[in-house]
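These are my notebook entries on one structure. I record what I looked up, entry by entry, for a reader who is new to it.

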Amino acid sequence: MSQRRVGIWLIGAFGGVGTTVAVGLSALRRGLAEPIGLTTALPLFSKLDLDDVSAFEVGGHDIRRTDFFQSVREFQHRARVFPPELIEPCRDDLLRWSANVRPGTIFNSGPTIARLADLPEVRPTESPRAAIDRIQADLNAFRRENRLDQLVVVNVASTEPPFPLTEAHQSLDRFEAACRVKDHPPLLPASGLYALAALDLGLPYVNFTPSLGASFPAALELAERRKAVVAGQDGKTGETLLKTVLAPMFQKRHLRVLSWVGHNIFGNRDGVVLNDPENKASKIRTKDQVVSSILGYKPQTHVSIEYIESLDDWKTAWDHIHFEGFLGTRMVMQFTWQGCDSLLAAPLVIDLARLALHAQRRGEVGALHYLACFWKNPMGVQEHDFFKQFALLEQYVEQVASERVAPAVGS
Ligand SMILES: NC(=O)c1ccc[n+]([C@@H]2O[C@H](COP(=O)([O-])OP(=O)(O)OC[C@H]3O[C@@H](n4cnc5c(N)ncnc54)[C@H](O)[C@@H]3O)[C@@H](O)[C@H]2O)c1
């Protein structure tokens, strides 16, 4: 196993997903948990030179005054999501990593996210340039202090409202010109500032949220220029994962889906933010598009997300699928998914960090289309069928594996 030292920088570190990533990395490196839920722990991925989970140092940004250990305890109290015997042995790692978390920015993130912030350093009046400089200084300090060979930046912060793109976002030249215009209306929300800060340093950037992040042409051009990789957006962990597994079945059996209704209820902090109709709009957009894309036609669809406080991190989704079979006979499929949101998401974040670091080492650049199976809204490819998406990943692994073998054969 390689001796590389790598870091994962979590934007939104002390949230449910960020905290579970930190607990997970600590538990895995201490041999206290099996890598269940990590796709990259499947035998297929032993063909890649991925970083061992014990190689990761953790840092990040947040806008709230807390730490990983406090967040674990709060989580445990509210939702009982972690095996209690894991918490004490992980304490030292969690406290050490908490010291690496810096105040972030809420620039242009909307009032619901601003209400979460309780750190004086999170200044809404700070200019975007000053925020990017501060973020970059934090990233550089983390790399230096931990003597890291590589660092990946992952956005697991609260979902921002949709951000309208303009002509200025369509190329890096136009974007930079707009930045020079005095009193120009804000060109980005916070997620975009973090993305530009990371890409400008040539760091791999992963957007686990539906927020804008690096999903606009100027950011992708910057990634090309700085030779950085980008992956996103919006992790596919629960109801949408099932949709993209089941819709291909209806399509391949030539059963006509008439309507697909999905009701989601949950009560964690993500739910508080998504309870704001503006923030919710970003999520519904990524959840609602997948079925029509796979079927090739648009049945009536409806997605609802409701905040039900008592459920906390235990998300329940009820889906009702009305479909037509032979001779026009109508039938129904229903499913209930009761998943623990952060525990479904965290292993994927670790997978994505390992794969993005690997891609960057190989000299890949831009959007990593072969990671589509991880996303509700994959960048770089219009494919939502989970099986076809996973085939892309398998092909990639086989291709890299054959390239690794080839020099030995020729020598
Ligand atoms: N299964 C899943 O949990 C899942 C699946 C797909 C996507 N996501 C997305 O991942 C994100 C995190 O989910 P969560 O359940 O951990 O939410 P959470 O509310 O528990 O955590 C979000 C964290 O981000 C912090 N934050 C908010 N704005 C910030 C900013 N501008 N800069 C730095 N930190 C900021 C908050 O203080 C909080 O600690 C959400 O956007 C969610 O939609 C989660």
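This is a predicted model: local features need pLDDT of at least 70, side-chain atom pairs count only at pLDDT 80 or more; totals for chains, interfaces and linings use all residues.

Which residues of α5 are buried? I found Pro 128, Ala 131, Ile 132, Arg 134, Ile 135, Asp 138, Leu 139, Phe 142 and Arg 143. I call a residue buried if 20 or more other C-beta atoms lie within 10 Å of its own, exposed if 12 or fewer, and partly exposed in between, with C-beta atoms placed from the backbone.

**Entry 1: basis.** I number residues from 1 along each chain as its sequence is written. Helices (H or I, at least four residues) and strands (E, at least two) are DSSP runs, numbered from the N terminus.

**Entry 2: helix α5.** I checked the length of α5, which covers residues 128-145. Its 18 residues should span 26 Å at 1.5 Å a residue, and its end C-alpha atoms are 26 Å apart, which agrees. The expected span is 1.5 Å times one less than the number of residues. I then noted what its buried residues pack against: β1 (6-11), β2, β3 (101-103), β4 (150-155) and α7 (190-200). Contact here requires that the C-beta atoms of two residues, placed from the backbone, lie within 7 Å. As a general rule, an α-helix has 3.6 residues a turn, so residues three or four places apart point the same way.

I also looked up Ala 130, which sits in helix α5. Ala 130 counts as partly exposed because it has 13 C-beta neighbours inside 10 Å. Its C-alpha atom is separated by 27 Å from that of Phe 68, which is 62 residues apart from Ala 130 along the chain.

**Entry 3: helix α1.** I compared α1 with its expected length: its 14 residues reach 20 Å from first C-alpha to last, close to the 20 Å expected. This helix is mostly covered, with 13 of its 14 residues buried. Gly 31 follows α1 and has a positive phi, near 70°.

**Entry 4: backbone details.** Most residues other than glycine have a negative phi, and most peptide bonds are trans. Arg 147 is not a glycine, yet its phi is positive, about 45°. Arg 147 lies in the loop between α5 and β4, and it counts as exposed because it has 9 C-beta neighbours inside 10 Å. Lys 227, also not a glycine, has a positive phi of about 60°. I located Lys 227 in the loop between α8 (217-226) and β6; it is partly exposed, with 13 other C-beta atoms within 10 Å. The peptide bond from Gly 232 to Gln 233 is cis, with omega near -5°. Gln 233 belongs to the loop between β6 (229-232) and α9 (239-252).

**Entry 5: domains.** How does the domain assignment divide the chain? It gives domain 1 (6-235 + 343-399) and domain 2 (239-340); such bounds come from an automatic or database assignment. The contact between them takes 24 residues from domain 1 and 27 residues from domain 2. On the side of domain 1 that touches domain 2, α2 (68-79), α4, α13 and α14 (386-410) each supply at least two residues. By class, that side has 10 nonpolar, 9 polar and 5 charged residues. Ala, Val, Leu, Ile, Met, Phe, Trp, Tyr, Cys and Pro count as nonpolar, Asp, Glu, Lys and Arg as charged, and the others, Gly among them, as polar.

**Entry 6: nonpolar cores.** I define such a core as a set of buried Ala, Val, Leu, Ile, Met, Phe, Trp, Tyr and Cys residues joined through C-beta atoms within 7 Å. The largest has 102 residues, of which Val 154, Leu 199, Val 349, Leu 352 and Ala 356 touch the most other members. The most residues in this core, 13, come from α13. Both domain 1 and domain 2 give residues to this core, so it lies between them.

**Entry 7: the ligand.** I counted 36 residues around the ligand, the closest being Gly 12, Gly 15, Gly 104, Arg 269 and Asp 270; a residue qualifies if its C-beta atom, placed from the backbone, lies within 6 Å. The largest share, 4 residues, comes from α13.
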